[in-house]
Amino acid sequence: MIADLKKNTEQKMQKSVEALKNDLGKVRTGRAHAGLLDHVQVDYYGSMVPVNQVANINLLDARTIGVQPWEKTMLAKVEKAIRDSDLGLNPSAMGDTIRVPMPALTEERRKDLIKVVRGEAENARVAVRNLRRDANNHLKDAVKAKEISEDDERRAEEDIQKLTDRYVAEVDKLLAEKEKDLMQV
C-alpha cells in the first residue's frame, strides 16, 4: 500500500514538472523553435485542430519559422490563426509558405516574461506540495484505520518529503534555465 502511494505520488509530481516544461516552452525567448506553434488552433472544415496537423512546421533560420500547409486553401486560415494567437507574431505568406519572423524582445518585455515564468514555476511548486499533502493525509488515514504502523507512516512521510524536495529542485532548475534563456540578448 505504501509503495503504491509513493509510486502514484511520484508519477503525479513528474506530470506536474512535465506540464511546467510545456508551459515554459510556450514562452518566447526571441529564438524560433517549431514547438512554439503547437498550441495554435486552426479551423479545419469546421473543427479546431492544431496547426501541426494541417501543415509542416520547420525552421527557416534562427529567427524565422516556416509553415507550409498541406492544402492551398488552408494558407489564409493558418496565417490568420497564427496572427490571432496570443504569441504576438506577425506571419506573412510567400507563395505556398508562411514565414513567421520572431521579433526581438525588449528589456521590458523580457522582465514581464520572467514574471510570467516565475508564476508558472510557483504554480508547479504548489502542485508538488499539494501532492505531498495528499499523500501524507492518505498515510494518516491508513494509521487511523490500523492498516500501517506509525513507524511505517514516519518512514513513508520522509520518503515523500525527499520526492517533494527532488521535484521542487527540478522546477527551480527549469526556472533558472528559462530565466537565463530569456535574459540572453
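In which helix is the place of Glu122? I found Glu122 in helix α3, residues 107–144; helices here are DSSP runs of H or I with at least four residues, strands are runs of E with at least two, and both are numbered from the N terminus.

**Basis.** I worked on a predicted model, in which local features need pLDDT of at least 70 and side-chain atom pairs count only at pLDDT 80 or more, while totals for chains, interfaces and linings use all residues. Residues are numbered from 1 along each chain as its sequence is written, and side-chain values use heavy atoms, with hydrogens and water left out.

**Glu122.** I noted a relative accessibility of 33% for Glu122, which counts as partly exposed (buried is under 20% relative accessible area, exposed is over 50%, and partly exposed lies in between, with a 1.4 Å probe and protein chains only). I then looked up Ser85, 37 residues from Glu122 along the chain, and found their C-alpha atoms separated by 25 Å.

**Aromatic rings.** I searched the whole structure and found one aromatic pair. The rings of Tyr44 and Tyr45 have centres 4.8 Å apart and planes at 70°, so I recorded the pair as edge-to-face. The rule pairs rings of Phe, Tyr and Trp (its six-membered ring) with centres within 6.5 Å; planes under 30 degrees apart are stacked, over 60 edge-to-face, and the rest tilted. Tyr44 is partly exposed at 28%, whereas Tyr45 is exposed at 58%. I also found Lys77 over the face of Tyr45, at 5.9 Å from the ring centre; the criterion is NZ of Lys or CZ of Arg within 6 Å of the centre and within 35 degrees of the ring normal.

**Thr97.** I placed Thr97 in strand β6, residues 97–101. Thr97 counts as buried, at 19% relative accessibility. Beyond its neighbours within four places in sequence, Thr97 has contacts (heavy atoms within 4.5 Å) with Gly66, Val67, Gln68, Leu75 and Ser92.

**Nonpolar cores.** I took a core as a set of buried Ala, Val, Leu, Ile, Met, Phe, Trp, Tyr and Cys residues joined through side-chain atoms within 4.5 Å. The largest has 22 residues, of which Leu37, Ile65, Val67 and Val78 touch the most other members. Two or more residues come from each of β3 (55–61), β4 (64–69), α2 (75–84) and β6, and α2 gives the most, with four. Leaving out residues up to four places away in sequence, I listed Val42, Val51, Val54, Val67, Pro69 and Ile98 as touching Val78. I recorded a second, separate core of 20 residues, including Val117, Ala121, Val168 and Val171.
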